[in-house]
Amino acid sequence: MFADYTWTELGSIFAMQGFAGLILFSVFVLMALGLAIIFGQMGVINMAHGEFMILGAYVTYLCSNLVEAYAPSLFGVYFFFAMALAFLAAGALGALVEWSLIRHLYKRPLDTLLATWGLSLILQQAYRSIFGAREVGVSLPNWLLGSVPLTDIIEIPINGIFVMVLTFVIAIGVYFILFRSRMGMQTRAVVQNRVMAGAVGINTEKVDRHTFALGCGIAGIAGSAFTMIGSTGPTAGQLYIVDTFLIVVFGGAASLIGTIASSFAISQAQSTMEFFLSGSMAKVLTLLTVVGILMLRPEGLFSLKIRR
Amino acid sequence: MNTLSNNTDFLLSIENLTVSFDGFKAVNDLNLYVDENEIHVIIGPNGAGKTTVLDLICGRTKATDGSIKFRNKELTALREHEIVREGVGRKFQNPSIYEDLTVFENLELSFPRGRSVWGALTFQRDAEVETRVREIAEMVFLDALLDKQAALLSHGQKQWLEIGMLLIQDPELLMLDEPVAGMSVSERKQTAKLLNEITKGRSVMVVEHDMKFVEDIAHRVTVLHQGKILSEGSMATVQADPKVIDVYLGH
Amino acid sequence: MRRVKDIVQSRMSRRSLLAGTAATAILMAAGTVSPSFADEVNTTGLAVTDDTVQVGILHSVTGTMAISETGSVQAEKLAIEQINAMGGVLGRKIEYIQEDGASDWPTFAEKAKKLLVNDKVAAVFGCWTSASRKAVLPVFEQYNGMLYYPTFYEGLEQSPNVIYTGQEATQQIIAGIDWVAKEKGAKSFYLLGSDYIWPRTSNKIARKHIEKLGHKVVGEEYYPLGHTQFNSVINKIKLKKPDVIYAIVVGGSNVAFYKQLKAAGIDMTKEKPLLLTISVTEDEIRGIGGENIEGAYAAMKYFQSLDNENNKEFVSAFKEMWGEDIVIGDVTQAAYLGPWLWKAAVEKAGSFDIDKVRLASPGIELTTAPEGYVRVHENHHLWSKTRIGLAKTDGQYELVYETADLMEPDPFPEGYQ
Amino acid sequence: MTSLKSFMSRQELLGLLVIAAVLFVVMPLAMDIFRLNLFGKYLTYAFVAIGLVLCWGKGGILSLGQGVFFGLGGYCMAMYLKLEASTPEATAIQSTPGIPDFMDWNQITALPWFWEPFNSLTFTLLAIIVVPAVFAFIIGAAMFKRRVGGVYFAIITQAIAAILTILIIGQQGYTGGVNGITDLRTLKGWDIRTDEAKYILYYVNGALLIGVLVLCQIVLKSKLGRLLVAVRDQEDRVRFSGYDVSNIKIFVFCFAAVLSAIGGAMFTLQVGFMSPSFVGIVPSIEMVIFCAVGGRLSIFGAVYGTLLVNWAKTTFSETFPELWLFGLGALFIAVVLVFPNGLSGLYQSYLAPLVDRFMGGKGRGSDPDTSPPAADLTAAPSAKPAE
């Protein structure tokens with residue numbers, strides 16, 4: 001298939017393709033980080049994760065409309081503001097959900113799955129009732145549109161770079177929160193031994209709530225970022241859920257590094273296969289490979305061998 | 001006594017057994033032998049590898065190196081249920097019984113018949129099963145509670161039930177992990193009596209912390225420390241061993 | 001216990017349908033428009049009283065398809081309201097029963113059956129996806145109902161119980177490809193679509209036509225519905241450098257596709273490559289964002305910006321009923337035609353009876369259609385013009401071309417018989 | 001098997017009789033054929049829900065991919081019916097007469113090899129049972145032998161459902177794509193679309209359902225039934241009692257898969273088409289909720305749960321279409337939070353004592369269903385090694 005092209009062209013395309021893979025990688029990491037915290041650290045299966053993302057997207061949509069209407073001069077920077085709001089909104093909803101629903105179900109992981117699925121249906125209908133069934137478009141500031149041409153063929157999409165940088169920042173942030181802060185230490189303590197953590201004076205309920213809210217908040221930021229590349233509709237969240245769970249499970253549930261590694265593996269596999277095969281078959285093959293590997297190695301890519 | 005040979009007269013012979021978790025050797029080049037009709041107690045400080053040894057024998061943990069022979073048959077290559085079918089029974093630290101089922105059903109499920117899927121489907125509760133269940137229930141002091149749901153038993157009764165579930169399998173080697181933990185004084189006494197009774201015709205390996213109880217039952221004691229044998233012999237020998245006093249009993 | 005009409009059940013072949021039409025055209029010549037008593041205009045037990053007639057609206061208002069089907073529901077309600085304001089059909093007010101297909105095909109079938117069997121509606125306006133239509137089709141044929149189906153679709157179907165008010169694939173595709181080939185000198189095409197029957201069939205028709213013109217298809221690809229990552233295919237497009245990207249992407253994928261296309265530096269306002277789509281109406285542009293699709297061409301029969309009196313009235317009535325900021329796409333307009341076509345057929349037949357309406361349908365004309373003049377073909381599709389629009393930043397299309405004549409609907413093009 | 005009493009308590013016999021009465025007498029009298037056909041369609045989901053009771057409620061294995069098996073059964077049936085509907089005469093206008101219409105549209109000119117055997121009804125009926133069983137066996141063997149369980153199993157089965165859906169939609173020349181296999185007409189020349197046929201199919205469906213209930217009852221009352229509960233609660237103990245736990249799990253998973261497939265085949269017969277929208281994640285999870293509403297421990301409850309949810313769906317979406325999702329969502333949450341034992345739990349705590357007294361029977365024997373509150377019903381043995 002490459003006979004007709006010059007080496008320069010091929011080189012450029014491979015560079016572009018590599019970059020496409022990196023963007024996909026960032027997108028996957030963004031989707032999966034929040035879930036990795038909630039599922040990996042707390043063992044809660046949040047099927048409404050996609051809906052928390054969409055909440056972030058709708059918050060961004062509202063912000064863009066409000067800013068456009070009332071403070072057009074700020075339009076260039078509203079996006080940062082919107083992301084912060086998306087984080088808060090999704091986080092607050094997350095805390096509420098944890099308080100009203102999740103905390104009763106910590107011992108029944110499969111039941112959280114059902115309950116959060118119910119929650120996702122309710123949220124979808126709520127979005128539909130509030131924002132309408134149609135998809136909404138989020139207008140972006142001009143500096144986020146377009147691309148930087150490097151050569152004739154290689155053009156780097158600006159929003160792609162933005163998503164990558166954002167992913168990097170958030171991943172670092174999560175790392176510090178979980179592994180360098182007091183809250184992270186407490187979270188991990190609660191995960192490992194709830195009773196003992198309670199006994200040494202950690203408020204386990206508070207830690208649970210904060211952890212869950214953090215995961216949901218990150219989903220909100222992800223949703224906000226996705227308005228740049230995807231669609232915002234009441235049911236858009238469902239599109240992400242299977243991919244996201246597979247990434248987290250494939251990475252090894254309790255490992256953040258694993259989540260990142262599995263995002264990388266899956267995104268590269270998918271974008272390479274998409275280049276050589278048709279889109280649908282690439283998707284099927286990627287999923288099949290992941291499921292196949294998981295059957296051989298159920299603990300995922302990264303997991304510690306623990307003595308039992 | 002440490003004669004290495006391919007075939008031994010021991011019921012169970014563990015030789016050069018090693019298991020490591022990410023480099024940490026929980027059990028390190030261990031040699032251990034269990035005679036027929038012997039109550040063999042393993043003691044040692046926390047993290048000495050006691051439970052791991054039991055896990056290795058029953059196949060719950062796979063050995064990194066070494067061999068475990070039961071009646072001169074290699075166990076390390078077998079899967080858990082196959083090891084059980086060879087005649088090794090295992091009781092866990094926390095009573096693990098089927099709380100939603102009655103005492104009778106708990107015992108019945110452990111009765112060694114109809115262990116395949118088809119066998120379980122066509123299993124009949126015949127006179128043999130009934131008699132055997134009642135017999136064992138009497139042994140473990142639960143004969144009056146056969147129709148009671150297992151969840152409603154006291155902690156000690158649950159421990160007994162689990163021992164009963166092992167007895168009904170009629171294993172040649174019975175492994176008990178802290179059988180009297182959480183029991184009242186009178187229950188301990190009853191348990192000691194029970195253990196002495198059930199040794200007839202079988203060997204028992206016990207992991208236990210309660211020295212009083214160990215003294216009551218042990219024929220032989222092995223002291224483990226950091227995955228290795230520190231000392232071995234009768235309770236009196238072990239208690240007199242200065243190495244043991246240093247790391248364990250001295251505390 | 002119930003009177004299910006003994007009717008022409010199995011699907012008629014096209015030939016017998018044509019013959020039947022011809023025979024009864026004569027019988028119907030003196031059709032009357034004056035009001036008459038219920039049992040005269042309704043011999044089959046439909047839900048018709050002396051002053052009302054019930055019809056069904058069957059779309060998804062929940063589930064993934066609700067996004068697309070909302071516009072059709074609004075258009076159908078508008079048309080019904082306008083017809084009622086003009087005195088109704090045969091002097092009877094139209095009452096509608098709305099059912100939710102819930103984006104679930106058996107639910108569509110179930111609700112269709114309910115509308116026909118329990119509610120005895122005289123006509124149903126509804127369905128959007130091909131899958132939902134395929135699911136209800138046997139129901140309409142078995143219980144002899146009349147369905148007005150608004151979506152542009154892949155063709156390969158012709159039922160005596162359906163009037164297809166949208167364009168079938170050839171009408172949309174052939175004119176569009178001819179135009180880019182002739183006017184824009186396009187010689188190579190990259191075909192791209194969501195993975196289901198409409199894009200796949202349409203691209204097959206397109207490929208045939210492109211090859212017949214002596215031009216080249218340099219790539220053809222499909223992505224699962226809902227796919228949101230198109231960077232790989234965009235790279236392939238860059239590599240192949242086609243003159244035309246022929247895109248039939250639908251739903252949420254659309255938004256991702258156009259945003260990423262723009263971000264990757266493919267500027268559709270430049271000469272090459274140009275993008276031609278048959279799947280993006282003004283409705284979809286709202287989600288995509290006008291700035292992301294500016295410069296793309298769409299081939300369909302209706303744009304909100306059409307400059308004619310009918311359309312201006314329609315647009316203002318629609319906005320009055322459903323809000324100022326609403327947009328109207330091709331399918332919405334086609335859905336709006338449904339009730340009007342039915343009214344015309346009923347009045348021509350002088351009866352609500354399904355069989356009579358069916359026979360009266362071919363040849364029905366609407367001169368008041370927002371898209372201009374349409375006529376029902378013997379094959380139950382509409383003769384209509386095909387237009388090319390250029391997408392603008394404000395989310396509207398600017399008309400750049402329309403076919404001189406009405407395009408003949410040809411649901412079974414050569415090679416597909 | 002031995003006497004009736006050994007596998008059915010008085011309560012359960014009563015339950016079975018009530019269901020039989022509802023299916024064969026009450027519903028046909030109370031409903032017209034349209035509603036009855038609808039009801040028959042719901043009953044096909046009950047097969048899946050019953051399978052889930054065994055697999056999930058009793059065995060603790062939550063599969064979010066039961067739609068896969070429902071679909072496999074349904075597609076097998078649909079392939080046979082489609083071939084019968086695609087006679088050369090009926091498809092004379094196609095470029096290749098005698099093959100299904102959607103193949104013709106996709107320029108396929110000969111019947112694919114894997115369609116060939118579906119010309120035979122015997123093969124088809126066999127395939128409805130064997131294909132899902134083999135498929136479930138492969139998945140089950142791969143996962144259970146490696147001790148993948150709980151949440152991990154749920155997520156992987158969900159992914160499998162997603163894969164199969166994309167595959168069916170993408171290979172439309174062979175599968176009918178997103179439209180599915182539609183316009184099915186006759187079975188061995190017998191028109192399945194007439195009212196009379198619908199009545200007959202309804203009764204066949206009902207009889208199959210009763211048969212399946214009896215079969216499940218036999219399984220549950222055998223030692224295997226108690227083993228399932230044991231595996232759910234103390235998997236290790238079962239293993240160390242000398243059982244091969246993975247075989248037990250594989251068996252129950254395959255069994256549930258076959259039940260789902262029977263439901264799928266009956267669905268195709270009664271509804272007249274099959275499409276990928278029954279294979280995916282959403283229908284699979286909905287089927288779990290049918291089971292949960294009925295009470296995940298009771299096979300009779302599962303039937304009522306299925307009927308109740310679907311009836312609510314139909315009524316709600318007729319009256320308040322836009323509110324339906326709120327209702328369904330709330331139902332999910334309520335079932336999990338407020339009454340985890342579903343309808344059968346409510347029955348056991350409120351009605352059963354009354355019925356008992358009324359019937360003069362006492363002592364419900366040793367029935368694991370009647371165990372007190374299920375605080376921890378879903379033990380989730382995870383693949384993650386734990387301390």
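Two residues are taken to be in contact if their C-beta atoms, placed from the backbone, lie within 7 Å. The structure is a predicted model, in which local features need pLDDT of at least 70 and side-chain atom pairs count only at pLDDT 80 or more, while totals for chains, interfaces and linings use all residues. Residues are numbered from 1 along each chain as its sequence is written, and chains are lettered from A, with ligands numbered from 1, in the order in which they are written.

Leaving aside neighbours within four places in sequence, B:His40 is in contact with B:Val34, B:Ser203, B:Met205, B:His219, B:Arg220 and B:Thr222.

The domain assignment of chain B, with bounds from an automatic or database source, gives domain 1 (10-87 + 172-184 + 202-251) and domain 2 (97-170). The centres of these two domains, taken over C-alpha atoms, are separated by 27 Å, and 5 residues of domain 1 are in contact with 5 residues of domain 2. On the side of domain 1 that touches domain 2 there are 3 nonpolar, 2 polar and no charged residues (Ala, Val, Leu, Ile, Met, Phe, Trp, Tyr, Cys and Pro count as nonpolar, Asp, Glu, Lys and Arg as charged, and the others, Gly among them, as polar).

Chain C holds an open sheet of 5 strands in the order β2-β1-β3-β4-β5, with parallel pairing (two strands pair if DSSP finds at least two bridges between them). Because β2 (93-100) and β5 (162-164) of chain C stand at the edges with a single partner strand each, one side of each is left without a neighbour in the sheet. Strand β4 (residues 147-149) of chain C runs parallel to β5(C) and is joined to it by 3 bridges, and C:Tyr149 stands opposite C:Tyr164 in β5(C).

Chain D has 16 helices and 2 strands, and buried residues make up 57% of its 387 residues. The UniProt record, an unreviewed entry, carries the annotation "transmembrane region" for several stretches of chain D, including residues 38-57 and 121-144; such annotations may be inferred rather than shown by experiment. Residues 38-57 of chain D are 100% helix, with end C-alpha atoms 27 Å apart, and residues 121-144 of chain D are likewise 100% helix, with end C-alpha atoms 34 Å apart.

Chain D touches two other chains, C and A. In the contact with chain A, 43 residues come from chain D and 39 residues from chain A. Here α6 (121-144), α7, α13 (281-294) and α15 of chain D each give two or more residues, and α7(D) gives the most, with 14 residues. By class, this side of chain D has 33 nonpolar, 5 polar and 5 charged residues. Towards chain C, 29 residues of chain D are in contact with 34 residues of chain C, and the side of chain D concerned divides into 12 nonpolar, 12 polar and 5 charged residues.

Methods: Helices (H or I, at least four residues) and strands (E, at least two) are DSSP runs, numbered from the N terminus. A residue is buried if 20 or more other C-beta atoms lie within 10 Å of its own, exposed if 12 or fewer, and partly exposed in between; C-beta atoms are placed from the backbone.
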